[in-house]
Amino acid sequence: MTQAACSDVLFIEPYYGGSHKQLVDLLVREFGGTLFTLPPSKWHWRTRVSALHFADTIPEPPKLCKTLFASSVLNLCELVALRPDLGKLNKVLYFHENQLIYPVRKQLECDFQYGYNQILSCLLADVILFNSHFNMASFLDSIPSFLKLIPDHRPIGVVERIRDKCSVLYFPLEPNLHHNIQIREQTKKAFNDMGINTTDSPQLDTTDVPQAGTTTPQLCSSRSTLLSQQLTCLPATPCLHILWPHRWEHDKGPDEFCAVLRKLLDARLDFVVSILGSHTNDIPASIQEVIPLLGSRLLHKGSVSQQDYWRILTEADVVVSTAKHEFFGVAMLEASYCGCYPLCPNRLVYPEIYPEECLYNTEQQLFKRLRAFCLRPTLTRANLQVCCMRMSAVSPHISTMQCHLFYRSHLTDS
């Protein structure tokens with residue numbers, strides 16, 4: 001349990017890791033409140049049984065507490081049934097992902113319960129927030145067909161009872177530009193020390209970068225312009241640095257990414273790669289097989305420290321997604337705002353956030369884009385400046401400052 005000075009909000013996160021952890025940590029820091037969590041492991045068990053754990057461990061909320069904020073991993077109906085006192089609070093349910101369109105390898109009857117629990121939680125919640133329009137639309141549009149799996153006595157009018165409570169509230173990003181620009185300066189100095197000239201480029205402008213420890217309103221139009229200008233300061237790397245920063249699980253498409261890496265190797269192209277992300281002992285076979293083939297081309301793999309993570313994002317040239325299941329994509333956006341050119345599949349949430357230039361339709365198209373960047377690594381920087389300008393329309397809605405206002409309106413309503 002984490003408790004701040006103010007206890008107006010009760011935060012519950014059954015899966016306290018990754019973007020789930022980032023969000024509640026930011027909200028507690030910004031707004032105060034009390035946070036109850038469980039470690040980020042065994043996701044299926046967290047969604048099945050965490051309600052009983054929290055019902056037993058959460059004390060009676062203080063009189064000043066008005067709002068309960070929980071991710072959709074929690075079975076809100078079970079919690080309120082066990083703790084009617086919590087049901088009196090304004091219940092805000094946040095969807096990082098929805099289970100109605102999760103790409104399971106083999107459909108099992110038990111999988112139905114995960115999505116059904118989310119529907120029931122929505123019926124009970126007072127406010128339902130999604131991290132993207134794709135997430136909200138795919139959830140609401142899938143409810144009718146999902147409920148048809150029930151053999152008889154199917155409920156009716158469920159979508160209508162949920163829809164009016166739904167809205168989109170983008171995940172608030174906090175890329176540490178101050179840290180990243182320091183890394184860029186260090187990289188630039190290292191190139192100069194090696195005799196590689198970088199003095200022909202304009203100097204990095206750090207006047208608009210807040211000091212460490214302050215709230216960082218990122219990604220507004222002016223910031224996108226600032227970032228695109230700063231990218232021109234960076235020296236060309238000897239070869240293309242490809243980044244894949246995702247969980248090593250089937251829904252993130254590791255097989256597809258490794259297949260493209262094999263094609264790049266077969267074409268004898270010059271590149272290095274970092275395959276970041278958490279994983280269990282059950283590492284996908286495609287990654288196990290490609291690692292020895294990459295040899296010294298593989299710069300980093302697996303989980304790394306936060307400091308190394310931001311450093312690698314800053315050093316890479318292009319960041320790739322091959323996801324089959326993505327509702328926002330925090331790592332892709334963080335890498336983009338650290339100077340990586342994003343290449344994303346033309347599906348899921350990506351067309352909502354990224355311009356057409358950053359999207360591909362087939363594995364072969366991804367290979368061709370990476371092949372072109374391998375032959376001319378500086379193309380990533382030139383293309384990224386265009387990407388920054390195109391993304392400026394959506395970026396204000398992802399900024400910490402703008403999200404602060406939206407989240408406050410939901411968390412402080414009685």
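This is a predicted model: local features need pLDDT of at least 70, side-chain atom pairs count only at pLDDT 80 or more; totals for chains, interfaces and linings use all residues.
Q: Are the planes of Trp-43 and Tyr-114 stacked or edge-to-face?
A: The structure holds 15 aromatic pairs, and Trp-43 with Tyr-114 is one of them. Their ring centres lie 5.6 Å apart, with 65° between the planes. Planes over 60 degrees apart count as edge-to-face. The pair is therefore edge-to-face.

Q: Which helices does the pair of Trp-43 and Tyr-114 link?
A: Both residues are buried. They sit 71 residues apart, so the pair links distant parts of the chain. Trp-43 belongs to helix 2 (residues 43–57) and Tyr-114 to helix 5 (residues 109–124). The answer is helix 2 and helix 5.

Q: Why does the pair of Phe-112 and Tyr-116 count as stacked?
A: The ring centres of Phe-112 and Tyr-116 are 5.5 Å apart. Stacking needs planes under 30 degrees apart. The planes of Phe-112 and Tyr-116 meet that cut-off because their angle is 20°.

Q: Which residue lies over the face of Phe-271, and at what distance from the ring centre?
A: A charge over a ring must have its CZ, for Arg, within 6 Å of the ring centre. Arg-48 does this over Trp-45, at 4.8 Å. Over Phe-271 the residue is Arg-297, at 4.8 Å.

Q: Which strands are the edge strands of the open sheet of six strands?
A: The strand order is 10-9-8-11-12-13, with parallel pairing. An edge strand pairs on one side only.

Q: Which residue in strand 11 stands opposite Ile-242?
A: Strand 8 (residues 240–245) and strand 11 (residues 318–320) run parallel. Two bridges join them. Opposite Ile-242 stands Val-318.

Q: At about what angle does helix 15 run to strand 12?
A: Helix 10 (residues 254–266) lies across strands 8, 9 and 11, at about 165° to strand 9. Helix 15 (residues 363–375) lies across strands 8, 9, 11, 12 and 13. Its angle to strand 12 is about 165°.

Q: Which residue stands opposite Phe-69 in the pairing of strand 2 with strand 4?
A: Strand 2 (residues 9–13) runs parallel to strand 4, joined by four bridges. Phe-69 touches residues including Phe-11, Tyr-94 and Leu-411. Phe-11, Phe-69 and Tyr-94 also form one aromatic cluster. The residue opposite Phe-69 is Phe-11.

Q: Which residue in strand 5 stands opposite Leu-68?
A: Strand 5 (residues 90–95) runs parallel to strand 4. Five bridges join the two. Opposite Leu-68 is Lys-91.

Q: Is His-153 buried or exposed?
A: His-153 has a positive phi of about 50° although it is not a glycine. His-153 is found in the loop between helix 6 (133–147) and helix 7 (158–163). Exposed means over 50% relative accessible area. At 77%, His-153 is therefore exposed.

Q: Where does Arg-268 lie?
A: Arg-268 has a phi near 55°, a positive value in a residue other than glycine. Arg-268 is exposed, at 77% relative accessible area. Its place is the loop between helix 10 and strand 9.

Q: What separates the C-alpha atoms of Asn-346 and Tyr-360?
A: Asn-346 lies in the loop between strand 12 and helix 14 (350–353). Asn-346 touches residues including Pro-351 and Tyr-360. Asn-346 and Tyr-360 are 14 residues apart along the chain. Their C-alpha atoms are separated by 5.4 Å.

Note on methods
Residues are numbered from 1 along each chain as its sequence is written. Side-chain values use heavy atoms; hydrogens and water are left out. Rings of Phe, Tyr and Trp (its six-membered ring) pair if their centres lie within 6.5 Å; planes under 30 degrees apart count as stacked, over 60 as edge-to-face and the rest as tilted. Buried means under 20% relative accessible area, exposed over 50%, partly exposed in between (1.4 Å probe, protein chains only). A charge sits over a ring if NZ of Lys or CZ of Arg is within 6 Å of the ring centre and within 35 degrees of the ring normal. Two strands pair if DSSP finds at least two bridges between them. Contact means heavy atoms within 4.5 Å. Axes are lines fitted to C-alpha atoms, for helices over the stretch in contact, and angles run from 0 to 180 degrees between N-to-C directions. Lists of a residue's contacts leave out its neighbours within four places in sequence.
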